[in-house]
Amino acid sequence: MKKYLNIIGVIAAWLVIYGIFCVLVPRSFPTWQNLETLMRQVVIVGFGSIGMTYIMIAGGIDLSAGSLVALVTVVIALVLNKGFSPWVGVGAALLTGICCGLINGVLITRLKAGAFIVTLATMGAYRGLAKGLSKENTVNAPLTWISNLTDALRPSEHWRLMPNGAWLMVFCATIAAWVLRYTVFGRHVVAIGSNAQAARLSGIRVIRITTLVYIIGGLFIGIAGLMDFSRLTIGDPTAAVGLELDIIAAVVIGGGSLTGGEGNIFASLVGALIMETIRAGGTQMDLKDWVQNIVTGLIILIAVAFDRWRIARAANR
Amino acid sequence: MWFLRAEEISKSFGATQALLGVSFEAKKGEVLAVVGENGSGKSTLMRILAGEERPDSGRLLLDDAPYSPRDPLKARNHGVALIHQELALCPHLTVAENVELGGESHRGPVLSVAQMRSKAKSLLAEMGHPDLSPDIEVRRLPPAVQQVVEIAKALTRNASVIIFDEPTSSLGKDDVANLFRQIRNLRERGAAVIYISHFLDEVMEIADRATVLRDGSLVGTVDIAKTDIQELIRLMVGREVSELYPRSGHQPGEVLLDVEHLAGRKLPRDAVLQLRRGEVLGVAGLNGSGRTEFLRAICGLDRIVSGEITFAKWAGRAEVHDRWRQGMGFLSEDRKQEGLALKLSLAENLMMPRPGRKGLVRPSFQNARTKTWIERLGIKCKGPDQTVGHLSGGNQQKVALGRLLEQDVDLLLLDEPTRGIDLGSKSEIYKVIDELAVRGKSMLLVSSYLPELLGVCDRIAVMSRGVLGPPVDASLTNAELLMEACVK
């Protein structure tokens, strides 16, 4: 039971926030339509947070996520413009994510400069690459089924509840959470984030596994880029500026720790949903952007303070 | 018949000779204690056995085969496990996951959770802990139980040599008894156990033989059955007080510091003390006995749970910045982490509490003040602008001490002021301490090096397991008596 306390807490927090907006905006908020819209819009941060949860559990961080998302949208647009099938575009997106994750992982484990600084550098580099490939312009692309991944459902499709992109997110999260919990690899990821020295003494190949974690992170952030392209339908090298901070915030709201060892994939998804709910609720209440920003900031602070309090209480017993 | 042999092991760190030609052997089905004062080289020796350090010369034999572990993993694969004082567990993983970490039961990439749990469970039951759940996260366990997990971890790898480094320093009495049961159990299973401890009564209880180290050299190995605590103490401290210590007649004045039954969160547990002006009071004790915490509590760095402190005209508790203003300064034992900002210059370090006046830094003022201290303390450096990290340990310590002198504090709390510095600097620091006392300054001096306390202090009190004993006149005691009180 204790094991699930965290995820239950985050879901309860979301229910409270959702409930508040249902009272404040009774006309549009408590509808299926609205829930579907929330799920459509959460997929980008959601996919990113799956990857970021892996990275943060292993004690790392990835600031290059937003730049990577922009790079992926440009890559897909360029591939589609060359007349390739959408499947090639999807493959290119995943490959871009994997390669950038690999670069991050190799630099972090070899330079030993710390994930924050290395990904701060690649944040600039990947953004620059996106601008170079797109010649500093948005890249138009033909419409394909990729755009349908995050489209609103037509009335005849309501039995699906959510668009395919959202279902894909839930499916991927389930696999990712299972791997983390029930495979040797997953436990070693937690071990490294929990106490890297102990992990090394126990014979875990810390460098190899850390690199693999960044590759997995890049893969999911690449999928987030695919979802962003689906929403934008163009390649945009200036897209997703600061997205990495939203993703990190989602993981932190879900109980992830910047010092590693802790985090839960589903809780991170709910964390992303909480932020999206505030954004949607704020918009529907005609709240100014700055009010939404402050509220989101407060939610992050409350989540972190709650987490600290929980740890302090556990330590005192 | 020997299972593990060390032959003529030497190791030095920079100018410090940590080990010099140390040989010893351990056999299966035996507990070998390794004893010695702080800094005698015990820990270095054990780190070499466990592959965490490599010796400069000498060789190791394991089961008559050459054994030279390049890293801790290689040592573990050879069956040598070191159980650290600070445990090496992953706090977020469960008991079972920690026990099997790095060697998990699995089918393909998937964990065999049930098998892991039952393996851990039966191992823990075998060790006398059938009630310890394999599913609980390690961070939710008290230190004594975490230690059990660490031992279980060594056992799953079939360790044949198990080294305990000061295992009881954070344990209560019941936990110690339980640990000894585990160790006897290991001995019966045919493991070679190496047990490092300061607590000689524990050594007498659990060990079969004891190897004594002093200043990095082997003093001898004795049969526990044929010796007693007095003999061990004599072997550990047997050296002469050299002529290092100047001593002018100190004239203690009125009481400056009055400490009444002071207790911190964990340490100290109970400390009573009166310190007079112009007096040097020594605090002896083992690492972890609460000496440092005692000083930290006095100067407001650690929280005080109960007890009273009266300093000069100020009664009650105070924050550390108030203590500075009241005339109390603290010299940390950890020069590199707490004592100095190694990347800053001499002047910036020395003048850190008060770099200028009216909120502005005045480099000329800083440099002039720093130059006078460079001269008076004999700090060997290029000048006030030199980076402190580039100085030798002894000169760094003089800079840290100079900071207290610049503030002209009345009470200096000195925590291991001569740790890891050369003999010349040591004697210069002793001279400064003596001069300060003559000028009516008071000092609380914490040190692990008993001859130093005996040479410098007017009175000496012993801290043991968090309780400060009554101070006795330095001329009425000796190293053996102090050591006896330390290891009680």
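**Reading the contacts**

Modeller: In total, 19 residues of chain A contact 19 residues of chain B; a contact means C-beta atoms, placed from the backbone, within 7 Å. This is a predicted model, where local features need pLDDT of at least 70, side-chain atom pairs count only at pLDDT 80 or more, and totals for chains, interfaces and linings use all residues. Residues are numbered from 1 along each chain as its sequence is written, with chains lettered from A and ligands numbered from 1 in the order written.

Colleague: Which element gives the most to the side of chain A that touches chain B?

Modeller: Helices are DSSP runs (H or I, at least four residues), numbered from the N terminus. Here α7(A) gives the most, with six residues.

Colleague: How do the residues on that side of chain A divide?

Modeller: Ala, Val, Leu, Ile, Met, Phe, Trp, Tyr, Cys and Pro count as nonpolar, Asp, Glu, Lys and Arg as charged, the others, Gly among them, as polar. That side has ten nonpolar, seven polar and two charged residues.

Colleague: What is the angle between α2 and α6 of chain A?

Modeller: Axes are lines fitted to C-alpha atoms, for helices over the stretch in contact, and angles run from 0 to 180 degrees between N-to-C directions. Helices α2 (32-57) and α6 (164-182) of chain A pack at about 25 degrees, axes 9 Å apart. That makes α2(A) roughly parallel to α6(A) (angles under 35 degrees).

Colleague: Which residues of α2(A) and α6(A) meet?

Modeller: Among them are V43(A) and F47(A) in α2(A), and M169(A) and A173(A) in α6(A). By class, this contact has nine nonpolar, two polar and one charged residues.

Notes: Two residues are in contact if their C-beta atoms, placed from the backbone, lie within 7 Å. Helices (H or I, at least four residues) and strands (E, at least two) are DSSP runs, numbered from the N terminus. Angles under 35 degrees count as roughly parallel, over 145 as roughly antiparallel, 65 to 115 as roughly perpendicular and the rest as oblique.
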